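Visitor: I am new to this structure and would like a close look at a single part of it. Please take the open sheet and what surrounds it, step by step.

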Amino acid sequence: MDHPTTVKILKFHAEKCKGCLECEKACSQVHFKTKDGGEKSAIRIVKTDKGYTMHVCNQRGLCLDMCPVGALTRRKNGGVWLDKDICIGCQACVGFCPIGAMRKSDIRIEPFKCISCGSCVRACPEKALELVETSIAKIQQVVYHKLGV
Amino acid sequence: MVEGQITIEEYRTGNTEHSWDLKKIKTAHKVLATYSYKKGEVNKGYANRTLYVNLTTGMIKEKPVTDEMKKKFTGGRGFGLKLLWDSIKPTTRWNSEENELLITTGPLCGTTQYAGSGKSLCLSVSPSTNIICDCNVGGFFGPYLKFAGFDALEIQGKAIEDVVVVIDGEKGIVSIESAPLEEINTHLLSDQLTQMYATENTDKSRQKVSVVSSGLAAQHSYWGCLNFSFYDIRRKVPRIKQAGRGGLGTVLRDKKIKALVVKVERFDGVSNHPADPIALAKVGIKLHREIHNLDRYQCNMRAVGTGHLVEIMDAYDLLPTENYRFGSFPKASKIYSPKFYELFTKIIPDGCWHGCTMACAKTVDGYTVMTGPYKGEKVTVDGPEYETIGACSNMSIWDPLWILEFNFYCDTYGIDTISAGTAIAFYMEMYEYGILNKERCNGLELCFGNADAALELLHRIAQGDTGEFIKVAAKGARRVKDWIIQNSWGEKQLVEDTGMESKGLEFSEYVTKESLAMQGGYGLTLKGPQHDEAWLIFMDMVNNAIPTFKMKAEALHYFPMWRTWFGLNGLCKLPWNDIEPANNVETPEPSKVPEHVQNYVEYQNAMTGWNVTKEDLILQSERCYNWQRAMNVWMGRGQRKDDWIPFRAMGPVTEMEYVSRKERYDKQLVEKLGLSQKDVEKMTVREKLTVLYEFRRGQYKKLADAVYYRRGWTPNGVPTPQKMKQLGFTDKKMLKMLQDKIDADEKNGLNVWGGTYEKGEQLPSTEKRYWEK
């Protein structure tokens, strides 16, 4: 089987961001057909003392080995993808995501996450977001299972 | 070693592959009875009906679950007790026509968001104890049974030929089919049936099938276990979890059931239709995160499963070795969890139900079998769990590979590793003393550490060997005690004191000599000596947190009730206290894990829409706990005499044991028994043993007094009609039976305290018939 070797991940140019949250609105449109953004968006922009930070899946794929039914896979584009028809809503991936980027909205039981679709990039009026290609081998992460680690 | 992020389809176990002519095997099935039912949805955790199958008559029908039944019995084991009460007689024994095998679920069973929510509760009249035995077990069967439409499966009667009972939740059909050609041993049978009944030839389809089976040894032994399958899409094998205790697999085979099969069309995260799915997901995610953050610093379940206990038990002198003579052993480090960690496959979710991130169900893949009919084959071994490792240390087996061998054959032959290991350890001790020998053991050299001989015993049991020893050995420690005593081969007291069984069931794998509360945790139980009612050793022995009889009795009330609650709901107990919130030690009662208790309150409310408090949870349990005890009384047991435990559980039986811990025991003679140091020095070991023996037996009797009083029972351990009424029961047959029993006890002088109380020592109550007040 051919495996993807690269994946596109989101890069955030904090200095350009003005906090308009257009990216979140675009994202919630993709996932839930609403412009609500916020908890319905896979990308979150958070205001801190030092400006804005982005919070989104980094496609390392630690969750892949967590899924008991095989609903999480790497798609051809390398992105980690949740098939909500297979998902049985256990939230293991949500609880075990080290950066909290696998999200659960109150709307439905199945979680959702960034699929590297680029909607947010296109929606950002300030060009603060960018999709960059990176090698999977370099970023991939394995669920912890080592003694004492 | 595979390090993860492999594509699911590409993972290989390296196991021996089988090619069966499944078409031929299936064509040989004759449908003996079928029943079509209307598929329905589960609502707030209940399917609202149970399924009754009679193998003698071929009758299959539904029974409604009423609100009254939910209120009094909650679900799971509670429903099982209610259904048994309606169907069996006080004279029913394990092989009686009317005996039933029940598999029940519970309102929280099948939830995927909260770790440990996939347990089935199995009940039947046990061959070992002649009373009801309840076992909880993982695997997919229970959740699938509910999603297929039933809160419980109740099987009565016996088939005349080997059958499978199939519950097809896809089509809404239940059938009894003859099954002449399938294998009987689980690792093969489970695989055959999973493939045979999967709708499509895909792993995802096979994952929607679950099989309950046993094995060849179950039909010749009282140790028969039930193996519940859960298909692993990565390993591509049906893995198994066991309902081990009390011989339920023996009942399965006595009914000529080869297997039970259930399959579901589909299910998702809200198939239970919880009243408040949002609140449920929130509390579930909170626990997932806690496990993620803390497990590696606490129990390390995700890496090594319950095997992490081996080194702890060894360090605290609690790991049973050489039939519980000792609690630690110089060779024990050979079987510490890192040794098994090296053997486990490490890439996989490893929960025995979806969403359980405790993930304690470890396996060794591609294990090469060393003995018996499958010698040379490569197989997946589920486990070993702590109890199996402990069963082996009890036999003085210190090689991880032999432990895997024992684990594999017990599972596939369908016998309980705990009962088998504990009983064989006893036979080994008898062998060491010459009470048993090679001739008396049908040629087996059953000395401590002889793993080969232990395995040979299993093989011969599975083959149906008719040697006198093999036949009686397969029935367990109680029957072997009687056999040895009948033959006058050994001193009766020694045999009674060293064979570790109570009520006819073998002990599980903890040394209880230095914890009186834990002795009660094993003896003052419903089904026999197991560790699922109470585990109080650290609280009692290490932390000395419950020094008085009254405090121990309180613990032996609260914890059995609390732990019973899991069985009413279809839950596993491990996520309650094998992971603890970071601030748990700072709470007023850390042993109760208050934050997790609150989780369960929220969980049950979110599922059912009830508005219960933590006190209500205990009340739910207390109802069922007393009901089961009352049923034991009804069946002629469940009284003080039945709650006795062998002295090996209370203290040192032999001089060797005393000498090995001389300092500890000498000190106790001074500090606890009030002897002078000088006197102790003058006494022989035999004399010291005798004094300790009497003292500790007396302590146990006083403990029983305190516990019975706390539980609201008579001094003979009988639940009173007053208590039952207080719990909300109005069943006239039950109340009258209890009153008659208490009146009979009164006539026979049994309503008196068991302990001998010195001046200044307080009796639990000085009032006669205190329970009537």
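Guide: In chain B of this predicted model, six strands make up an open sheet, with mixed pairing and the order 3-2-7-4-5-6. The edges are held by strand 3 (60-64) and strand 6 (132-137) of chain B. Each of these two has a single partner strand, so one side of each is left without a neighbour in the sheet. From one strand to the next, the twist averages 20°. As a general point, the strands of a sheet pair through backbone hydrogen bonds, in either a parallel or an antiparallel way.

One pairing inside this sheet can be followed residue by residue. Strand 4 of chain B, residues 100-104, pairs with strand 7 of chain B, residues 152-156, in the antiparallel sense over five bridges.

Helix 3 of chain B, residues 77-87, lies across strand 2 (49-54), strand 4, strand 5 (120-125), strand 6 and strand 7 of chain B. Relative to strand 4 of chain B, helix 3 runs at about 155°.

Strand 1 of chain B (residues 31-36) and strand 9 of chain B (residues 173-178) are antiparallel partners over five bridges. Here B:Ala33 stands opposite B:Ile176, which belongs to strand 9 of chain B. Strand 9 of chain B is also joined to strand 8 of chain B (residues 163-168), by six bridges, and these two run antiparallel. In that pairing, B:Val164 faces B:Glu177 of strand 9 of chain B. Strands 8 and 9 of chain B form a hairpin with four residues between the strands, and B:Gly172 takes a positive phi near 75° there.

On the chain A side, 30 residues are in contact with 36 residues of chain B. The chain A residues on this side divide into 17 nonpolar, eight polar and five charged.

Chain A itself has four helices and six strands, which run β-α-β-β-β-β-α-α-β-α from the N terminus on. Its radius of gyration is 15 Å, close to the 15 Å that the globule rule gives for 149 residues, so chain A is as compact as a globular protein of that length. The C-alpha trace of chain A spans about 40 × 35 × 35 Å along its principal axes. Of the 149 residues in chain A, 43% are buried.

Technical notes:
Residues are numbered from 1 along each chain as its sequence is written. Chains are lettered from A and ligands numbered from 1 in the order in which they are written. This is a predicted model: local features need pLDDT of at least 70, side-chain atom pairs count only at pLDDT 80 or more; totals for chains, interfaces and linings use all residues. Two residues are in contact if their C-beta atoms, placed from the backbone, lie within 7 Å. Ala, Val, Leu, Ile, Met, Phe, Trp, Tyr, Cys and Pro count as nonpolar, Asp, Glu, Lys and Arg as charged, and the others, Gly among them, as polar. Two strands pair if DSSP finds at least two bridges between them. Axes are lines fitted to C-alpha atoms, for helices over the stretch in contact, and angles run from 0 to 180 degrees between N-to-C directions. The radius of gyration is taken over C-alpha atoms; the globule rule is 2.2 Å times the number of residues to the power 0.38. A residue is buried if 20 or more other C-beta atoms lie within 10 Å of its own, exposed if 12 or fewer, and partly exposed in between; C-beta atoms are placed from the backbone.
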